[in-house]
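Please examine the sequence and the structure shown below.

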Amino acid sequence: MTELGLAKICSSDSSDIKGSTLTSLNFFNSAKWSPDGAYVLCGAEDGLLRLYQLPFSLYGCAGDSFEGSGQTPADTPAKLRSVLSLKEGNGLYDFCWHPLMCGPSCSFVAMTSRDTPVHLWDIATGSIRASFCGFDHLDELRAAHSVEFSPGGETLFAGYTNAVRVFDASRPGRQVETINILA
């Protein structure tokens, strides 16, 4: 049993999966905790990125009583409900939190999917704040396979076939540098 607590993210009840029905073909394929630990983003096979907020009952220290029941958070799983769903194109590839998150009103997530540029999503509004376009040697738009911010959040790195493209996070648009990787 873990001392950090348990959380049930999905169940046979499809009401916790907004915008789709839960089937055996739909499953979570990735999950990433927010820098402050209060949220978890889950990418699913249906292309939706879902945001879940950790219940306040799990914020207690190990050994604290859970809702006056005498049980600790590690003894009782909490059911998480999706508070936001983001849909972008087909085939979600990767996503990452901006490292300087300062609460739900100032939270951003970079997301990449098939045939789209990297988009920076505002979690507070559920809208796209910026687009980062990676162009290949033929000046054609390509979709990134992976994304990650620098520790300070000023640079966005995106992995492409045989290249890493570097973006200035404060200036949406084209890459500022391309690092070619020989296969």
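In this predicted model, a network of salt bridges links Asp136, Glu140 and Arg142. Another joins the side chains of Glu140 and Arg142, at 2.8 Å from N to O. Side chains of opposite charge can pair when their charged atoms come close.

How accessible are the members of this network? Asp136 has a relative accessible area of 13% and is therefore buried, because the limit for a buried residue is under 20%. Arg142 is partly exposed, at 38% relative accessibility, and Glu140 is also partly exposed, with a relative accessible area of 37%.

A further salt bridge connects the side chains of Asp122 and Arg129, with an N to O distance of 3.7 Å. Over the whole structure, a search finds six salt bridges.

The next topic is the aromatic rings. The count of aromatic pairs comes to two. In one of them, the ring centres of Phe28 and Tyr52 are 6.2 Å apart and the ring planes stand at 90°, so this pair is edge-to-face. The pair links distant parts of the chain, for Phe28 belongs to strand 2 (residues 28–33) and Tyr52 to strand 4 (residues 48–53), and the two are 24 residues apart. Phe28 counts as partly exposed, at 28% relative accessibility, while Tyr52 counts as buried, at 0%.

Phe132 and Phe167 also form an edge-to-face aromatic pair, with 5.6 Å from centre to centre and 65° between the planes. Phe132 lies in strand 10 (residues 127–135) and Phe167 in strand 14 (residues 163–168), so the pair ties together parts that are 35 residues apart in sequence. Phe132 is buried, at 1% relative accessibility, and Phe167 is buried as well, with a relative accessible area of 1%.

Finally, charged side chains and aromatic rings can be considered together. Which residue lies over the face of Phe95? Lys32 does, at 5.0 Å from the ring centre. Arg165, in turn, lies over the face of Tyr160, at 4.5 Å from the centre of that ring.

Terms used
Residues are numbered from 1 along each chain as its sequence is written. This is a predicted model: local features need pLDDT of at least 70, side-chain atom pairs count only at pLDDT 80 or more; totals for chains, interfaces and linings use all residues. Side-chain values use heavy atoms; hydrogens and water are left out. A salt bridge is a side-chain nitrogen of Lys or Arg within 4 Å of a carboxyl oxygen of Asp or Glu. Buried means under 20% relative accessible area, exposed over 50%, partly exposed in between (1.4 Å probe, protein chains only). Rings of Phe, Tyr and Trp (its six-membered ring) pair if their centres lie within 6.5 Å; planes under 30 degrees apart count as stacked, over 60 as edge-to-face and the rest as tilted. Helices (H or I, at least four residues) and strands (E, at least two) are DSSP runs, numbered from the N terminus. A charge sits over a ring if NZ of Lys or CZ of Arg is within 6 Å of the ring centre and within 35 degrees of the ring normal.
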